[in-house]
Amino acid sequence: MRDLSRLFQPKSIAVIGGGAWCTNVVEQCQKMSFSGPVWPVHPIKSEIAGLPAFARLEDLPEPPDAVFIGVNRRITVETVRQLREIGAGGAVCFASGFSEAQAETGDGADLQVALLEAAGEMPILGPNCYGFINYLDGALLWPDQHGGAPVESGVAVLTQSSNMAINISMQSRGLPLAYVATAGNQAQTGLAELGTALLQDPRVTVLVLHIEGIGDVHAFERLVRTARGLGKPMVALKAGKSARAQAAAVSHTASLAGSDAGARALLRRLGVAQVDSLPALLESAKLLHYAGPLPGASLASLSCSGGEASLMADSAEGLEVQFPELTQAQRDHLRETLGPMVALANPLDYHTFIWDDAERMAQVFAIMQEGAADLTCVIIDFPRTDRCDPAAWDCVFEAGAAAVAKTGKPLALVSTLPELLPESMAGRATAGGMIPMQGVDDFLTAMMAAAFTGGCGPLPAPVLQGDRPEGARLLEEAEAKCALAAAGLDVPRAMVADTAEEAVAAAKDIGFPVVLKGTGVAHKTEAGLVALDLKDALEVEETAKGMVCDRFLLEEMIGGGLAELLLGVVRDPAHGFVLTLGAGGTLTEILQDTVSLILPVTEDEVFGALDRLRIAPALAGYRGKPGTDRTAIARAVMAVQDYVTAERDRLEEIEINPLICTPTRAVAADALIRKGD
């Protein structure tokens, strides 16, 4: 892996180009008080932003550590070549018009190949990239305004979108930013390599990712291993919920397991906390920075308002956040401190009897901190300073700092509305050892992210991948079941027939009742080509004559089914093979009760996935009915996985729907396989 330290922690910076963007880079270096020299380079201009300009790269006093290249795309290629030859540490390629614009330019891909050849082993970011800001050392290659300030330590933010990076830098949430970096079109240096480089800085506490596409799964796995080894959590916002991994979905599985499902499954597998909004991303990063991963998601909540206590309880409804009961010792101490008129519960409304009595407030905060909860929070909203005087809220900072000092445990100050905990108040909170969190919903999301991170076990086996086949075709159901049965899947006894008379003979051999299917169609039920529970030869003959098809498949009728599951696998080009497990049958897409996992999986992961389904009670035994054989279900999944592993270079998708689950079996009543040669 390339060494990016000279680029990200430069002692000298060169800026090549004389336009407004390059002038901005020089000015931003000056505003950040970069301690090293900044060398503008331009063949005509004598000075840029007040600094003397060098006419040629050869005129520089020494090879620069970091270079911003702000010239057109063709000159960029030659400039990169010159920088490599003189021994520069690395460069940001600002110009666009490379592979990301191939459709528009017609030569973008070729130009990108030339750029990579010119760079060799010299690190480059982009092209089509803003660069980065290092707030730890006051160093930046950044052609625009930004909102950050120098810090001693903080989170590293990495995004593929330059504009998203600008927006994040403008946050006023009390989140210390160590780095803000953009990847551009990642011609040479990808998201994973950039993240790995940023994590190496001991002053970085958390890696924050805004991801448009993961791309190289194995490189991303290496990034996660690095983060785990350094004890640094990762939190991500993944764009592209609506994108689908398959352009044309033959199976229910393919329509359910789009690229968003694959990304979620991959991030969950690797222990990367995922959130669904930018505010939640920043609040999660903040909580992880100040508190680190949490052992669980149990919360002790305090407020001086019953409405706020109810808001906290209601906002947590349906989430994994729990409010542990107060211990008897907590009750006794709270009663002694608060008096007889306060109802003792968690969330706690401690009323305003002790407001402005910082000593008693600190006692109450500390009592709540000393319970079983993984985190304690105080709901507090500060008045707007342009119309109100916030002096009456000073007691909160005094009490909170005293409680943290006494217990040594984290204490979050949580505002109900984001704007009611402004940056100035967030700064006072962190100075007192507290954690400023803006907005109840985003705080609870952040807490679940921190608990998820804290609960992750060892990294699993590498993601299963294979070469994508060409000319994929749909196997007949009988052929598909035969292949899966060879891998260990339980399938019904079956025979194939060409005529109604042969169907009757086959049914007699199998034994009544039977299932009759017409072949040649993926979704037979919708085409009227499935007949269940045929009890005698006459029913089989009449039903067969009424089906418009070329051949028939006769199968044993599986009785005693307690539940029907969908079990499917789809090749996702971005994330490996996505396993979908969920409620099956004809209502699969209506119910949308599925869990996605990335192969390979273990039996324990299968059991965990079953527990996450809404139909889990039906699988376990519901209203006096026996439960399904969960071990048989897991065996079915492992059999499918074995088949996928063997066929990974040819397989596109598999679907078993329904997998009929009985007290003793898990039988593939229908199966679909699409694969190439």
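This is a predicted model: local features need pLDDT of at least 70, side-chain atom pairs count only at pLDDT 80 or more; totals for chains, interfaces and linings use all residues.
**Entry 1: β12 and β13**

I began with strand β12 (residues 204–211) and strand β13 (residues 234–238), which pair in the parallel sense over five bridges. For me, strands are DSSP runs of E with at least two residues, helices are runs of H or I with at least four, and both are numbered from the N terminus. Two strands count as paired if DSSP finds at least two bridges between them. I then looked up His-210 and found Leu-237 as its bridge partner in β13.

Residues are numbered from 1 along each chain as its sequence is written, and side-chain values use heavy atoms, with hydrogens and water left out.

**Entry 2: the sheet**

Next I followed the open sheet of seven strands, whose order is β9-β8-β11-β10-β12-β13-β14, with mixed pairing. At the edges I found β9 (139–141) and β14, each pairing on one side only. The twist from one strand to the next averages 15°, taken between axes fitted to C-alpha atoms, with angles from 0 to 180 degrees between N-to-C directions.

**Entry 3: around β11**

Is strand β11 (residues 177–182) mostly covered or mostly open? I found six of its six residues buried, that is, under 20% relative accessible area with a 1.4 Å probe and protein chains only.

Strand β8 (residues 132–134) pairs with β11 in the antiparallel sense over three bridges, and there Ile-133 has Val-180 as its bridge partner. Strand β10 (residues 154–159) runs parallel to β11, joined by five bridges. In that strand β11, Ala-181 stands opposite Leu-158.

I also noted that β10, helix α6 (residues 162–169) and β11 make a right-handed β-α-β unit; right-handed means that, with the strands pointing away from the viewer, the path from the first strand over the helix to the second runs clockwise.

**Entry 4: the lining of the largest pocket**

Last, I turned to the largest pocket, which is lined by 45 residues. A pocket here is an open set of points on a 1 Å grid where a 1.4 Å probe fits, with protein on both sides within 12 Å along at least five of seven lines, and lining residues have an atom within 4 Å of a point.

Which residues lie nearest its centre? They are Arg-264, Arg-268, Glu-320, Phe-452 and Arg-612. Helix α10 gives the most to the lining, with eight residues.

Technical notes. Buried means under 20% relative accessible area, exposed over 50%, partly exposed in between (1.4 Å probe, protein chains only).
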